[in-house]
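Reader: I am looking at this model without any background. Please take me through it in short steps.

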Amino acid sequence: VFPEGYLKAVAERVRADGGVFALDEVQVGFGRTGTHFWAFEAQDVVPDILTVGKPIGNGFPLAAVVCKRAIAASFDECQYFNTAGGNPVSCAAGLAVLEAIDEGRLQENARKQGERLLAGLRE
């Protein structure tokens, strides 16, 4: 867990130097922290680019890149190709995973199990 304000400070520094602030939520995204669906939300910051890989497909080969509109628009004038990008089967798998997280209340379960683990470690 990052110290409070850490990611916000990093993002400000990166952007001040002309960079793009990118985060990867493969390990901590999709409600795994229990308190937020995306871990960066706990740091009061929004990345310019967010990558999410394996968890979005729960074993099905799927990944996603989410970015700010200006970054996405930079692809308008170039030819970009991705073998599995946007195919209906992959999209259906990703949607099913999101529905399972929501319907199974998995974020709430992560919060409860995290609290239980921490309580046990403190004993």
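Reader: In which loop does E25 lie?

Author: β1 covers residues 22-24, and β2 covers residues 49-52. Strands are DSSP runs of E of at least two residues and helices are runs of H or I of at least four, all numbered from the N terminus. E25 sits in the loop between β1 and β2.

Reader: What kind of model is this?

Author: Residues are numbered from 1 along each chain as its sequence is written, and side-chain values use heavy atoms, with hydrogens and water left out. Local features need pLDDT of at least 70, side-chain atom pairs count only at pLDDT 80 or more, and totals for chains, interfaces and linings use all residues, since the model is predicted.

Reader: Is E25 buried or exposed?

Author: The terms rest on relative accessible area with a 1.4 Å probe and protein chains only: buried is under 20%, exposed is over 50%, and partly exposed is in between. E25 has a value of 2%. Therefore E25 is buried.

Reader: What distance separates the C-alpha atoms of E25 and L118?

Author: These two residues are 93 residues apart along the chain. Their C-alpha atoms are separated by 22 Å.

Reader: What pattern does the protein follow along the sequence?

Author: The secondary structure comes to 4 helices and 3 strands. The C-alpha atoms fill a box of roughly 60 × 40 × 15 Å along the principal axes. Of the 123 residues, 24% count as buried. Read along the sequence, the pattern is α-β-β-β-α-α-α.

Reader: Which strands stand at the edges of the sheet?

Author: Three strands form an open, mixed sheet in the order β1-β2-β3. Two strands pair if DSSP finds at least two bridges between them. An edge strand has a single partner, so one side of it is left without a neighbour in the sheet. The edge strands are β1 and β3.

Reader: How many bridges join β2 to β3?

Author: On the β1 side, β2 runs parallel to β1, with 3 bridges. There, D24 stands opposite T51. On the β3 side, V52 has A64 as its bridge partner. β2 and β3 run antiparallel, and the bridges that join them number 4.

Reader: Which residues make up the covered face of β2?

Author: In a regular strand the side chains alternate between the two faces of the sheet. In β2, the uncovered face has I49 and T51. The covered face has L50 and V52.

Reader: Is F30 buried or exposed?

Author: F30 is in the loop between β1 and β2. Its phi is positive, about 60 degrees, although F30 is not a glycine. The relative accessibility of F30 is 7%, so F30 counts as buried.

Reader: Is R105 buried or exposed?

Author: R105 is in the loop between α3 and α4. R105 is not a glycine, yet has a positive phi of about 50 degrees. With a relative accessible area of 56%, R105 is exposed.

Reader: How far is the backbone nitrogen of L7 from a polar atom of the side chain of Q43?

Author: Q43 is found in the loop between β1 and β2. Q43 is buried, at 10% relative accessible area. The distance from the backbone nitrogen of L7 to a polar atom of the Q43 side chain is 2.9 Å.

Reader: What is the length of the polar contact that joins the side chains of T35 and H36?

Author: T35 is in the loop between β1 and β2, and T35 is exposed at 51%. A polar contact is a pair of N or O atoms within 3.5 Å; within protein, one must be able to donate a hydrogen and the other to accept it, and residues adjacent in sequence count only if both atoms are side-chain atoms. The contact between T35 and H36 has a length of 2.7 Å.

Reader: Which element supplies the largest share of the lining of the largest pocket?

Author: A pocket is an open set of points on a 1 Å grid over the protein atoms alone, where a 1.4 Å probe fits, with protein on both sides within 12 Å along at least five of seven lines; lining residues have an atom within 4 Å of a point. The largest pocket has 21 lining residues, with V1, F2, V28, T33 and A39 closest to its centre. β1 is one of the elements that supply at least two lining residues. The largest share, 6 residues, comes from α4.
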